[in-house]
There are 2 protein chains.
Amino acid sequence: MTVAQGWQDSARWERMKDGSDCPMCLDGHLPVNPFSFLVAELTHSFVRLPRNQFMRGWTLLILKQHACELYELTPAELAGFFAEVALVARAVAGIYRPAKLNYGVFGNLCPHVHCHIVVQQAEDDPTKPLNMNEREMLLDDAEYDRMVRELAHAIHVAA
Amino acid sequence: MTVAQGWQDSARWERMKDGSDCPMCLDGHLPVNPFSFLVAELTHSFVRLPRNQFMRGWTLLILKQHACELYELTPAELAGFFAEVALVARAVAGIYRPAKLNYGVFGNLCPHVHCHIVVQQAEDDPTKPLNMNEREMLLDDAEYDRMVRELAHAIHVAA
């Protein structure tokens, strides 16, 4: 039996969309949650490091307020959020020296605006569709801690 | 024999990055190019409809100026570009009534800032990695023309 995900469970999807049952509203700010670690709190977003580091450097920004689509934000909120995406991207690029960064606002499993910053390295295949979860690569706690501190520092310096 | 793509051809990649050999700088503004059709010219971007409409409603915004990464833009350019992404997304949503929109700034084949707006419908699988080119679905010219006009009108109304 497969569990309905995203919009496949239409009743829950509506509650996720209106914010009354949104997982990211509940745990996006926590120091540690099942998916990721908090790196920094910025004005508009929480910056997080996903546990799965198969694509090493994968970083997430979660909009603090609840919204599903970019056009629900005011111009100031939208500008503020993407200014933070760009700031964090600069920090990620400084650490991981990518061939290219990818920026993805998807929300197919949780419709709360968040942006994935994904590092493409020279040895990666540029024709492959983006899939940060193609494999799972978990690290030990000391390494997560080191990566969180390194990125937090780089964001602080870039700001 | 496979042709090197994206950063696999490092010499060309450098020329694409610095803008001296950037395909999007050359053809992103044309009414018709091999990849897509021009829908609208906005202040910061050209809006285009890709020929491959396997994921129906797929729309593209190409930044007018050359830049590779979001952090290369000034705050005003970045805010202006994403304001246009949001405007076009609202228009696309009004036409195609998606379960969710996806917004992707990738550039793995051409490192010139552009944003894919991709329509996820209720019958799509929310767990599948985004791949607008999973299959090729070409339409006839009359249908492209109708879609271009419909979207251009919706953008005009939303602006």
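Me: Before we start, what counts as a salt bridge here?

Reply: A salt bridge is a side-chain nitrogen of Lys or Arg within 4 Å of a carboxyl oxygen of Asp or Glu. This is a predicted model, where local features need pLDDT of at least 70, side-chain atom pairs count only at pLDDT 80 or more, and totals for chains, interfaces and linings use all residues. Residues are numbered from 1 along each chain as its sequence is written, chains are lettered from A and ligands numbered from 1 in the order in which they are written, and side-chain values use heavy atoms, with hydrogens and water left out.

Me: How many salt bridges link chain B and chain A?

Reply: Two. The whole structure, over all chains, has 20.

Me: Why is Lys100(B) with Glu69(A) called a salt bridge?

Reply: Their closest N and O atoms are 3.1 Å apart, and the rule asks for within 4 Å, so the pair qualifies. Glu69(A) sits in the loop between β3 (59–63) and α3 (75–96) of chain A, while Lys100(B) is in strand β4 of chain B. Helices (H or I, at least four residues) and strands (E, at least two) are DSSP runs, numbered from the N terminus.

Me: What makes up the side of chain B that touches chain A?

Reply: Two elements give two or more residues each: α3 (75–96) and β4 (100–105) of chain B. The largest share, nine residues, comes from α3(B). In contact terms (heavy atoms within 4.5 Å), 40 residues of chain B meet 40 residues of chain A.

Me: How much area is buried between chain B and chain A?

Reply: About 3,500 Å², with carbon and sulfur atoms giving 62%. That is the accessible area (1.4 Å probe) that the two parts lose on being put together, summed over both.

Me: Why do β4(A) and β4(B) count as paired strands?

Reply: Pairing takes at least two DSSP bridges, and these strands have three, so they pass.

Me: What about β1(A) and β2(A), how many bridges do they have?

Reply: Five, again in the antiparallel sense, between residues 36–41 and residues 45–50 of chain A. Phe37(A) has Leu49(A) as its bridge partner in β2(A). The two strands form a hairpin with three residues between them.
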